Amino acid sequence: MRLGVIDVGSNTVHLLVVDAHPGAQPLPASKHKIDLRLSEHVTDDGSIADEGRDRLAEFVAECTQVAEDQGVEDVRAFVTSAIREAPNGEAVLAHVREATGVPLDVLSGEEEARLTFLAARRWFGWSAGTLLVTDIGGGSLELALGMDEDPDVALSLPLGAGRVTRDLLAGDPPSAEVVREARRQVRATIAASLRPLAKAGAPDRAVGTSKTMRSLARICGAAPSGDGMYAERHLDRDALAARLPEIARMTSAERAALPGVSASRSRQLLAGAVVAEATMDLLGLDRLEICPWALREGIILRHLDRMS
């Protein structure tokens, strides 16, 4: 059967169509992505503005039509922190459902971390031992650690690249003082949450997922996307720390000229770098291996497991 997953993130609405069968690895059939920065359609109290709500409904309807054209039998749609934490999130969900007929499931931060961990576990296999998975989204940072397919520890912190950019890194580029204060707040938030991970023990393998991690790895020398998803990629902490001051001095237009950085995400690159470097440093990680599977794949894998 063909399964479609509509992922409403802080940065994009993303449709992934896969040929999915119980007991078999899901095979991607097509992708459809629309840039919709919900973080840029937020009012002063954190609510989603009407324009953002209406555009979201239009894009979900578009993804649904594309899925039908691709012969999809089952469509799953989900939202993460962008709507989960908005004061009018329930009203936005109701509007989208009424306008499109598509119900959007709301994932908690812990669910995001657990599903992303499942995807990384299936990608690297049991021989990877104890995994530590880090994922930087638009609205949140997810951390998960464990030996099984379900992690022993799953955390979600309000440190997504879009959120940190909006709340802590004003300016293009931001001043050195602004960057220093953002770095301080990011590190304080991570440090206050590390005890459960420290108690769970050291990982055998540390993994990074998400577009932000892939972009950071690319500008630090990892293989380009043209080498395929099976090319080994990693992000070294020392290389990232060395590039951070340079990234901080760049405008968003200058960052967009870096390899692997799209114009639509260039403004958030600095925030992603600050969060990634702080996470690796505070967790004592010299390197993250980049996993091409993340939350969407985790949702598909969980769905196939339930079908089985």
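Modeller: A cavity is a set of points where a 1.4 Å probe fits but cannot get out. With that in hand, here is one from this predicted model: the second largest cavity has a volume of about 60 Å³.

Colleague: Thanks! How do you know that there is empty space at all?

Modeller: Rolling a probe the size of a water molecule over the atoms shows where empty space is left.

Colleague: And how many cavities of 30 Å³ or more does the count come to?

Modeller: Two of them reach that size. The largest cavity holds about 70 Å³.

Colleague: What lines the second largest cavity?

Modeller: Thr 165, Leu 169, Gly 171, Asp 172, Pro 173, Pro 174, Arg 255, Arg 267 and Leu 270 do. By class, they make four nonpolar, two polar and three charged residues.

Colleague: What about the largest cavity: which residues line it?

Modeller: Its lining consists of Ala 161, Lys 211, Thr 212, Ser 215, Val 261, Ser 262, Arg 265, Gln 268 and Leu 269. Helix H8 gives the most, with three residues. Sorted by class, the lining has three nonpolar, four polar and two charged residues.

Colleague: Which residues of H8 are buried?

Modeller: Thr 212, Met 213, Ser 215, Leu 216, Ala 217 and Ile 219 are. After H8 comes Gly 221, with a positive phi near 110°.

Colleague: Why does Ser 210 count as buried?

Modeller: Buried means under 20% relative accessible area. Ser 210 has 9% relative accessibility, so it counts as buried.

Colleague: What about Asp 236: why does it count as partly exposed?

Modeller: Partly exposed covers the range between the 20% limit for buried and the 50% limit for exposed. Asp 236 comes out at 24%, so it counts as partly exposed. Asp 236 lies in strand E10 and, leaving out residues up to four places away in sequence, touches Met 280, Asp 286 and Arg 287. From Glu 40, 196 residues away along the chain, Asp 236 is separated by 31 Å between C-alpha atoms.

Colleague: How do you know that the length of helix H9 agrees with its 13 residues?

Modeller: At 1.5 Å a residue, residues 237-249 should span 18 Å, and the end C-alpha atoms are 19 Å apart, so the two values agree.

Colleague: Where in H9 is there a kink?

Modeller: The kink, of about 35°, is at Arg 243, shortly before the proline Pro 245. Arg 243 is also among the buried residues of H9, together with Arg 237, Leu 240, Leu 244, Ile 247 and Ala 248. Their cover includes helix H6 (176-191), helix H8 (211-219), strand E10 (234-236), helix H10 (252-256) and helix H11 (269-282).

Colleague: H11 brings me to Thr 279. Why is Thr 279 called buried?

Modeller: Its relative accessible area is 4%, so Thr 279 is buried, given that the limit is 20%. Leaving aside neighbours within four places in sequence, Thr 279 contacts Thr 134, Leu 141, Leu 143 and Ile 190. Leu 143 is 136 residues away in sequence, yet the C-alpha atoms are 9.4 Å apart.

Colleague: And what makes Thr 116 buried?

Modeller: Thr 116 has a relative accessible area of 3%, which means that it is buried. This residue of helix H4 touches Val 133, Asp 135, Thr 209, Ala 294 and Leu 295, not counting residues up to four places away in sequence.

Colleague: Finally, which helix gives the most to the lining of the second largest pocket?

Modeller: H12 does, with four residues. Strand E4 (74-79), helix H4 (109-124) and helix H12 (295-307) each supply at least two residues. About 310 Å³ of space lies in this pocket, and its lining has five nonpolar, one polar and six charged residues.

Colleague: Why call that one a pocket rather than a cavity?

Modeller: A pocket is an open set of points, whereas a probe in a cavity cannot get out.

Technical notes: Residues numbered from 1 in each chain as written. Predicted model: local features only at pLDDT ≥ 70, side-chain atom pairs only at ≥ 80, totals over all residues. Heavy atoms only, no water. 1 Å grid on protein atoms, 1.4 Å probe; cavity = no way out; pocket = protein on both sides within 12 Å on 5 of 7 lines; lining within 4 Å. Points joined across faces, edges and corners; volume = space filled by probe spheres on them. Nonpolar A, V, L, I, M, F, W, Y, C, P; charged D, E, K, R; others polar. Expected span 1.5 Å × (residues − 1). Bend = angle between axes of the 7 residues up to and from the residue. Buried < 20%, exposed > 50% of the residue type's maximum accessible area, 1.4 Å probe, protein only. Contact = heavy atoms within 4.5 Å.
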